[in-house]
Amino acid sequence: MNKQRSSFTSRIGFVLAASGSAVGLGNLWRFPYLAAKYGGGTFLLVYIILAVTFGFTLMIAEVAIGRRTQLSCIGAYKQLDKRFGFLGWLAAAVPVIITPYYCVIGGWVTKYLIEFLTGNGLETASDAFFGSFIGVQAPGLAGNPVTWFVIFVLINTVIVLCGVQQGVEKVSRVMMPVLVILSAIVACYSLTIPGAIDGLKFYLLPRWSDFSIFTVLGAMGQMFYSMSLAMGIMITYGSYMQKDNMLEHSVTQIEVFDTGIALLAGLMIIPAMVAFSGGDTTLVKESAGAGLMFGVLPKVFESMAFGNVIGTVFFVLVLLAALTSSISLMETITSIVVDKAHLSRRAAVIAVTVFVLLLGIPSCLGYSEAFAAIQPLGMAFLDFFDFISNSIMMPIVAFLTCVLVGHIVGPKVVIDEVESSGTFRRKKLFVIMIRWIAPIMLVMILATEILKFMGVVSV
Ligand code: PHE
């Protein structure tokens, strides 16, 4: 193929787009809860250490593979070693599974934002609101989750259709700085609420009594998902990175971005929640995921002065975070289709949109009564897809990537690519991590996830 591959226009364009992918719902609805549960400052410390070692290693490997091969993940793994072609397919399957349900959640966020924008936000705080919305019991088109899912998907389609430079990069360049500013505003406001200081202490001070191996495992699993690793995204984005952009430097900046927003999310959410519960910390330790964002937080906003305004700002920033992540997913699948099916970009984007719309419907309706009887592995569709991709496939892909780079083709493949455009200061660390420590950690993550699923351990 002699088609010119798309590219980002500058290093900072790459950094913002990749950070946009990394910063997502994981930072906002999972990180604060894990920090509360696993010992506040203790968890933060463990998390930061893991991000600059484990996360760094996996991310730099993926970006370097992408830039070196100039291919999306399917071709890239195969080019490194013919026998690892299957790994490219496995990695490609992850975004294919995640995108539809991620867009379903993006639809929920859009719905909440519109409710807040139109002044009805505080109604979302009622106990029945979220359940009846996702249970498809609310009346009318605006009450149906499918409507919001379709709207969210189409926003993605338009952005990805505009291309890597005019779509993904441009949008990330605007959205990411706005996201940081809005997060800082909400965090500052949250800290001024009476009683918030207790929450701040609970978040930042280390509590070694809550420390256990699960602190480390929890931090490891979270970081891995949060950095959008093991699903071909960083390979694709690496393939769009210019050859003379400093690679290590860029990866460090993405880490700082991702971890920074996660820390800010904790500042936004934990002090406000502790103040809301009158100093009791059980609520923050127990609410995570969709329940936190769509159930508990609206109640917290309801209790605040200017709750409608803060709620609106909050859902704008959640929408930005979700969008920049979902466009990275859609872009990754598109680039695979372009590479493999030799379609034009436009045709590929349309095909991907149709696929996402079709596959998202079961996740969208999975909580309704009509679907109560169809629950793979006893889970609603959305949770099932989430479990298969995040808990099972991603650790396997990352583990095999470590084996491939660390032992089959050798770390030099990555090192040469990094050094072709600058220094590689954490080279020694990289080699030890990719060969030995990261694979062991990944096996531990996979084992814990399986044991958790079987109900043997509860973390
Ligand atoms: N990294 C994203 C987050 O923290 C999650 C994500 C996973 C985004 C997969 C895109 C693709 O929420």
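Which helix does Gln222 lie in? Gln222 belongs to helix α10, where helices (H or I, at least four residues) and strands (E, at least two) are DSSP runs numbered from the N terminus.

## About the model

This is a predicted model, so a few ground rules apply: local features need pLDDT of at least 70, side-chain atom pairs count only at pLDDT 80 or more, and totals for chains, interfaces and linings use all residues. Residues are numbered from 1 along each chain as its sequence is written, and side-chain values use heavy atoms, with hydrogens and water left out.

## Back to Gln222

Is Gln222 buried or exposed? Gln222 counts as buried because its relative accessibility is 0%. The labels work like this: buried means under 20% relative accessible area, exposed means over 50%, and partly exposed is in between (1.4 Å probe, protein chains only).

Gln222 also has a partner: its side chain makes a polar contact with the side chain of Arg30, at 2.7 Å. A polar contact is a pair of N or O atoms within 3.5 Å; within protein, one must be able to donate a hydrogen and the other to accept it, and residues adjacent in sequence count only if both atoms are side-chain atoms.

## The ligand and its neighbours

Now for the ligand. It has 14 residues around it, and the closest are Ala22, Leu25, Gly26, Asn27 and Ser226. To count as near, a residue needs one of its heavy atoms within 4 Å of the molecule. Sorted by class, this shell has seven nonpolar, seven polar and no charged residues. Here Ala, Val, Leu, Ile, Met, Phe, Trp, Tyr, Cys and Pro count as nonpolar, Asp, Glu, Lys and Arg as charged, and the others, Gly among them, as polar.

Look at the backbone and you'll find some polar atoms facing the ligand's own. A polar backbone atom of Ala22 is 2.9 Å from a nitrogen atom of the ligand, and one of Gly26 is 2.6 Å from an oxygen atom of the ligand. A backbone N or O atom of Ser226 is 2.9 Å from a ligand nitrogen atom. Taken alone, the ligand exposes 320 Å², and the protein buries 100% of that. Such areas come from the Shrake-Rupley method with a 1.4 Å probe.

Which elements give two or more residues to the shell? They are α1 (11-22), α2 (25-37), α10 (213-226) and α15 (307-341). Of the elements, α2 gives the most, with three residues.

Most residues other than glycine have a negative phi. Ser228 is found in the loop between α10 and α11 (233-239), and it is buried because its relative accessible area is 6%.

His342 isn't a glycine either, yet its phi is positive, at about 55°. You'll find His342 in the loop between α15 and α16 (345-365). With 54% relative accessibility, His342 counts as exposed.

Phe211 is in the loop between α9 (196-204) and α10. Why is Phe211 called partly exposed? Because its relative accessible area is 36%. Phe211 and Phe294 are 83 residues apart in sequence and 29 Å apart in space, C-alpha to C-alpha.

Arg425 is in the loop between α18 (412-419) and α19 (427-453), and at 72% relative accessibility it counts as exposed. Arg425 and Val63 are 362 residues apart along the chain, with their C-alpha atoms separated by 16 Å.
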